[in-house]
Amino acid sequence: VSTNTTGGANRAACTANNGRFDNTATVSSTGLANKSDTGYWACQPGSISIVKTPDGSTFGIGDQINFTVVVGSNGPGTAKNVTVSDTLPTPGNLTSWTITTNPGNACSLTGTTLNCSFGDLANGQTRTIVVSTNTTGGANLAACTANNGRVDNTATVSSTGLANKSD
């Protein structure tokens, strides 16, 4: 016997009955005492995290900027179908990005949108992505003055059955 739910159990399934799925089978026969046996599955949901740096750093005219994104599986179970999405900022002339660290070639850029598909991550596994601008001559004055001199960027990690996390 098996389940056929697309994507498997979600976090809500893991909270019922203290995370246990019990199943009791009973055999009976005329003239004999019934025999039963109970088996169970203990649910161990995955969990995910995302941290992006730098946060509050500075850059100047002529500089390239970069962001490091670290995605993790914090267990106790495996995080399933882990993906990252990040629409990269384009202040002033900093409109071209490149992936400088791409674990397992799991990431791609479409325009200024970063997408990564890491598959399943076991408890304790992490993936680190680094993206950098690659504009000839680096940041111009317009890049330094756009958005009051700030370059804000938010990446989001998702995993089947878990709430998205952003940083």
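Predicted model: local features only at pLDDT ≥ 70, side-chain atom pairs only at ≥ 80, totals over all residues.
Local features require pLDDT of at least 70 and side-chain atom pairs pLDDT 80 or more, whereas totals for chains, interfaces and linings use all residues. Residues are numbered from 1 along each chain as its sequence is written, and side-chain values use heavy atoms, with hydrogens and water left out.

The largest nonpolar core holds 27 residues; such a core is a set of buried Ala, Val, Leu, Ile, Met, Phe, Trp, Tyr and Cys residues joined through side-chain atoms within 4.5 Å. Buried denotes under 20% relative accessible area, exposed over 50%, and partly exposed in between (1.4 Å probe, protein chains only). Val71, Val82, Phe118 and Ile129 touch the most other members. Strand β8 (113-121) is among the elements that supply at least two residues each, and its four residues are the largest share. Helices (H or I, at least four residues) and strands (E, at least two) are DSSP runs, numbered from the N terminus.

Five strands form an open antiparallel sheet in the order β7-β8-β5-β10-β11. Two strands pair if DSSP finds at least two bridges between them. Strands β7 (107-110) and β11 (165-166) stand at the edges with a single partner strand each, so one side of each lacks a neighbour in the sheet. Strands β5 and β10 are joined antiparallel over four bridges, and Thr83 has Ser158 in β10 as its bridge partner.

Ser117 lies in β8 and is exposed, with a relative accessible area of 52%. Its C-alpha atom is separated by 6.1 Å from that of Val82, 35 residues apart along the chain. Not counting residues up to four places away in sequence, Ser117 touches Val82, Thr83 and Ala106, where contact means heavy atoms within 4.5 Å.
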